[in-house]
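Hi,

Here is the model I said I would pass on.

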There are 2 protein chains.
Amino acid sequence: MTQPLKIGIAGLGTVGAGVVKLLAEHGRLLALRGGRPLKLVAVSARSKAKKRDIDLSGVRWERDPMALAMASDIDVVIELIGGSGGVARKLVQTALRHGKHVITANKALLAHHGAELAALAEKRGCSLAFEAAVAGGIPVIKALREGLVGNRVSRLYGILNGTCNYILTTMRETGRDFGAVLAEAQAAGYAEADPTFDVDGIDAAHKLAVLTGAAFGTKVNFAGVHVEGIRRVTAADIQFAEELGYRIKLLGLARRTPYGIEQRVHPCMVSLKAPIAHIEGVFNAVVVEGDFVGTTMFQGRGAGQGPTASAVVADLVDVARGHIMPAFVVPAARLTETKVSPMGRHVGAYYMRLMVQDRPGVIAAISGILAKDRISVEGMLQRGRSQSGEVPVVITTHETEEAAMQRAVARIAKLKAVAEEPCIIRIEQF
Amino acid sequence: MTQPLKIGIAGLGTVGAGVVKLLAEHGRLLALRGGRPLKLVAVSARSKAKKRDIDLSGVRWERDPMALAMASDIDVVIELIGGSGGVARKLVQTALRHGKHVITANKALLAHHGAELAALAEKRGCSLAFEAAVAGGIPVIKALREGLVGNRVSRLYGILNGTCNYILTTMRETGRDFGAVLAEAQAAGYAEADPTFDVDGIDAAHKLAVLTGAAFGTKVNFAGVHVEGIRRVTAADIQFAEELGYRIKLLGLARRTPYGIEQRVHPCMVSLKAPIAHIEGVFNAVVVEGDFVGTTMFQGRGAGQGPTASAVVADLVDVARGHIMPAFVVPAARLTETKVSPMGRHVGAYYMRLMVQDRPGVIAAISGILAKDRISVEGMLQRGRSQSGEVPVVITTHETEEAAMQRAVARIAKLKAVAEEPCIIRIEQF
């Protein structure tokens, strides 16, 4: 009989409990598929008393997660503690130093310390696997590291945060504004009590940084991601988008430009003709454009117990099969420093919504400012009259440089007739 | 320096030439990613004189492809000859017997001899890899063998033939009938001079049989696939489908039923709400439903030089990395015989289009036949009057058993007022 793969799990929240359930439910199938049994040896979590609806009989309980990293009877440590540093980081470092494979769902940790941990794993001949860190159950890390390995990736983008996509979908379907929908999502458990990481785009940025590293062979560079969240998207913007043939999505995008790698997370106007426009609710999707394969898209559930456990177990089976490779595809020493393409150099089309006082000369003033920065207007929508005397004006532009657009917006915001901060949403061409 | 992986390619058509180009263009990148150089040592093809726009300097030319299978300086043979038996089969067998890894894009070969070749590969400790055989550049075989390995798959389905999808898309967009669009597709190079394999569903059935084996751990069973092509789909059906909120797609579907594994390829009515309804033109897509991951979908280009070469090279890099596993996930000896779920037992909803003489009593007669077989009508569409006196009548049913539907259709076809063979299209619920 082949030796079982001996597993320690640190963190028994939703995902950890899911992994325990999956291992129990599909034990025989996994042994057959992986070529050897997957054996859960020990676990560690903050509270032993917490009700978890999982069977841990015969599994050792460690009060200190570090014990898993050092135990002689453990081959692979699954880190599900979370957080960009602290215990999670120390656990992963210790496990790798003790020659143990590490599987993690921790995008924050990888976004901040991915390159360093990849080097450590490689030095010890260990696997650092993280399918569960990005896009839940969708095997997109595997696609980048293996399935599309023959390609030079020119661009990738995706819906990487289910909470934001759920909020934007619900806003569109109900016509309600961000605040109301967020409150409802929180009540329903689709959004955290503190929603900052999700709605401000940080979670998506963590994931984008990880994807970028795997796709471009660059050192993960979270600091190089331009991040904007969805708080400023209004019901009116969503309605205007539909009229213009777009849908608003929070996307993470990375591409090569002549200035380096551009990484950005922000709300986008996406043509309804683009498949990604139709990914709704809590679903995630990632599009990868390669020079040989062309455009591929991967979609599925981006979070939740089952999908995330599925991803963790896929990594476990890889380890069981002895399929070990550098974390970010190429040897750590060959990962290049990410040269950040400055956001000001970004070229694209823009949607701008202004609330303006409905009086003569306002549109002329705005047009004049845009003309001065050589920004070419593609279209303009003005909607009725309002009691407050302020009406929304929507302007879409042809391609222009971000720096020019920001200059123009700053000037437009200062016009007396412009009532609130202009809302800018970038229009993406796919 | 690590030993290079030494490659022989048999067959230098579109795909073979694409692999040569990819290896040349990304040689350094692939060596970095694969951990060792990928070195093309020898090739074989029918005509040496043919213009191919590839550089074969320094590459040995073998007149007999079998020489590749036996050469001592070759580690892996790429079989791109095609065909379900003959030279391709002999080449793969010989290569495996000589301890060489085999990569193939040959779905016909795998559909007919997959289980046998998998057993042979395993016996010799070799890889039998075939990402390029299904859905072109989309890494869906990898998803089934690895990325979703933690799941029990309940159902999979996909658009597996780009030619059919292109024809159906063009029929919808132009309102023209099958024959005209096929002729145009042939002229444009999107369809073969002999289109039988594509439009009669055989190519899709080959691919479905391979996917089913990998997903369900069953011996590939092409004979167990129920196959119908798209020749009988008319412009009228496509228009009715749109009115009913459906799109017509040729799908390959496989699922577990209480009677065994059901495999079928035929035109389907798919709700416009289903993401797969929006996969248009030459694109392919595969949906996999797993018990933990839920629903995932993979889409991209299903054919063509670049995408197929991308898939072949992904398999090459796996071999270079030493990532070898059983061809159909579980050891060949553990693959189960496919128990075929009889098509008569299939339960689903149906679309039926009849051409009937427009006179009293016809609808009553049809309704009576359906009622006798306890088939419950969901809706009925009757369209205007025609000069010939024949009008189309469309009936959609609630869920019923295929056997009952076929009995009813046979009786309806015999009615004097029914002018031509009824057109039946199954309605799929996703």
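Below is what I found, starting with the single chain and then moving to the contact between the copies.

First, some housekeeping. This is a predicted model, in which local features need pLDDT of at least 70, side-chain atom pairs count only at pLDDT 80 or more, and totals for chains, interfaces and linings use all residues. Residues are numbered from 1 along each chain as its sequence is written, while chains are lettered from A and ligands numbered from 1 in the order in which they are written.

Chain A on its own: there are 14 helices and 17 strands, both being DSSP runs numbered from the N terminus (helices are H or I, at least four residues; strands are E, at least two). The C-alpha atoms fill a box of roughly 85 × 45 × 35 Å along the principal axes. For an exposed example, take A187(A) in helix α8 (residues 178–188): A187(A) counts as exposed because it has 9 C-beta neighbours inside 10 Å.

Next, the domains. Chain A is divided into domain 1 (154–300) and domain 2 (344–428), with bounds from an automatic or database domain assignment. Their centres, over C-alpha atoms, are 23 Å apart. Domain 1 puts 16 residues into the contact and domain 2 puts in 13, where contact means C-beta atoms, placed from the backbone, within 7 Å. On the domain 1 side, α11 (235–243), β9 (246–257) and β10 (260–271) each supply at least two residues, and β10(A) gives the most, with six. That side has 11 nonpolar, two polar and three charged residues (nonpolar is Ala, Val, Leu, Ile, Met, Phe, Trp, Tyr, Cys and Pro; charged is Asp, Glu, Lys and Arg; the others, Gly among them, are polar).

Now the two copies. Chain B superposes on chain A by a rotation of 180° with 0.0 Å of shift along the axis, RMSD 0.0 Å (least squares on C-alpha atoms of residues with pLDDT of at least 70 in both). That is the relation of a two-fold axis. The contact takes 45 residues from each of chain B and chain A. On the chain B side, α2 (27–34), α6 (140–147), β12 (294–301) and α12 (305–320) each supply at least two residues. By class, that side has 22 nonpolar, 15 polar and eight charged residues. The copies meet through the same surface, because 100% of the interface residues of chain B are also interface residues in chain A.

Which residue of chain B comes closest to the rotation axis? F298(B) does, with its C-alpha at 2.4 Å. F298(B) is also the bridge partner of F298(A). The β12 strands of the two chains run antiparallel and are joined by three bridges; pairing takes at least two DSSP bridges.

Lastly, α2(B): its buried residues are L30(B), A31(B), R33(B) and G34(B), with β2 (38–44) and α12 of chain B among what covers them. G35(B) follows the helix, with a positive phi near 85°.

Cheers

Technical notes. Two residues are in contact if their C-beta atoms, placed from the backbone, lie within 7 Å. A residue is buried if 20 or more other C-beta atoms lie within 10 Å of its own, exposed if 12 or fewer, and partly exposed in between; C-beta atoms are placed from the backbone.
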